[in-house]
Structures are given as C-alpha cells and as structure tokens.
Amino acid sequence: MSNNILSIKNLNVNYGAIHAARDISLSINQGEIVTLIGANGAGKSSVIRSIMGLTKSRSDEMRFKGKSIQNAAVEERVKMGIALSPEGRRILPQLTVEENLALGAYVRSDLQGIADDKEYVYGLFPRLKERRRQKGGTLSGGEQQMLAVARALMSRPELLMLDEPSLGLAPILVEEVFEIIRTINSQGRTILLVEQNAWAALKVAHKAYVLEVGGISLSGTGQELLSNSKVRAAYLGG
C-alpha cells in the first residue's frame, strides 16, 4: 500500500473569523480506508468538503494521483475520480431511486459502463433495486443513506469520501453500513471516512487521524488509536 493517491499539506479553512481547519496535513494510499474522527466542530467535514472543492480553502499542496487539484472545479475533481456522499444524505426526494443514481453518473457518457455500475450498486444494495421506481423521499433513513452512497459510486470514483454515513441510523443498520464500507474497499476502492461513531470507524480503518478544534492531534493505524488511552477516554467511553 505505498501508492499515494491523495496528499494534503497545511490545509486551512476559514469561515469568516472562525478557523475551521488549521494546518491539516494528511496522506492516503491507494486501497486504504482512512478515517477522521473528532468532536462536532473539529473541522472534519471542512476537510472533505475542501477536497471535493465545495469549501474554499488554502493549502501548500493538494494533490490527487500526483496532480494538483487546488484550483480544480468540483466537476473536474469528479471526473478525476473523487466522489462524496455528503452528511445528511442530500438525495433528491422528488426523484426516483433510479433517477438519483443517474444523477450520480452525470459526468460520464459511457452508457454500457453506467448500466454495469447500476447493476453493481444494486448488488451492493438489493433494497434499492426493489425500490428503484420509488421516490427518494419515501425511503427509510437507512435506505436514503444507501442511496447516497450508491449515487456517489455511480461516478466510478477511485476515492470515495463518506461524511457521517451512520448518523441517525439504528444500531443494526450502522453495522450494515460498515459491512458495505468494508466490501467496497475490498473491491479496490480507497475510502476517506468522516464518522462520529469512532469505535466503528477505527475498527475498519487502516489509518486514522484525530482532529481537535481544527488541527490534527493524533494519527496512527486504526488499531493503534483504538488502544490509545486518550482516544478511549475522549471518544470510546473509557
């Protein structure tokens, strides 16, 4: 796993006077699951929204597959192979499951590939296939979360970013979501995960970063942070 896919040096995000992310440097290798954990307001979402180009940021370096993406538009980043399943799902409730998935492939023109990927995501999420003609707004919270992940996969990303995928889900569905994250990763996709459920996130992560008030306070393997006493006290309930 020495093949670097994303590297960031000294990323800073400001919202007016608020310094939301401070000198964040991180690297992700191809095939890894990397997680960012930290309390609300620590800057986790600001980091991935910056990588996607949705939030204005400054950095000394932001490279994806060796190329600078600092000035790239969101659409260019999607074409290069980056996708985000955002916090709060943000599916389009008036559109059917099928139409939401089609939107996920908006930068692509390879019709056969798109059809293949639709079958692929239906294989990952059989419930979506059963509900493919239903409007997104009629799905349960768990199904909407699955649709948000499936939609992100439709751009065929090399780096899939997931912002709080387990938020608001029942424990049994949280387990299912993390099982799917493992499966997607085992099929060769690199994942950057922002997650409040530190325990579940660290269990699946190859590498993890702890963010505190905008900066990185700790990093290591998922296993190292799971057994770190400070992390246990702050995020894992002792």
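1. Let's start with Glu 179, which at 43% relative accessibility counts as partly exposed; buried means under 20% relative accessible area, exposed over 50% and partly exposed in between (1.4 Å probe, protein chains only). Arg 182 is also partly exposed, at 37%. Glu 179 and Arg 182 form a salt bridge with their closest N and O atoms 3.6 Å apart, where a salt bridge is a side-chain nitrogen of Lys or Arg within 4 Å of a carboxyl oxygen of Asp or Glu. Both residues sit in helix 7 (residues 171-186), three residues apart, about one turn of the helix. Helices (H or I, at least four residues) and strands (E, at least two) are DSSP runs, numbered from the N terminus.

2. A word on what you are looking at: this is a predicted model, in which local features need pLDDT of at least 70 and side-chain atom pairs count only at pLDDT 80 or more, while totals for chains, interfaces and linings use all residues. Residues are numbered from 1 along each chain as its sequence is written, and side-chain values use heavy atoms, with hydrogens and water left out.

3. The salt bridge count comes to 15. One of them pairs Arg 133 with Glu 98, at 3.2 Å between the closest N and O atoms. This pair links distant parts of the chain, 35 residues apart: Arg 133 is in the loop between helix 5 and helix 6, and Glu 98 is in helix 3. Arg 133 counts as exposed, at 62% relative accessibility.

4. Do have a look at Arg 108, Asp 110, Asp 117 and Arg 156 too, as they are linked in a network of salt bridges.

5. Helix 3 (residues 97-104) has Val 97, Glu 98, Asn 100, Leu 101 and Gly 104 as its buried residues. Seen down the helix axis, these fall within an arc of 160°, so they line one face of helix 3; the arc is that of the directions from the axis to the C-beta atoms. Their cover includes helix 4 (111-124), helix 5 (126-130) and helix 6 (141-153), with contact meaning heavy atoms within 4.5 Å.

6. Finally, the lining of the largest pocket. Helix 1 (44-52), helix 2 (74-80), strand 6 (82-85), helix 3 and helix 6 each supply at least two of its residues. Strand 6 gives the largest share, three residues.
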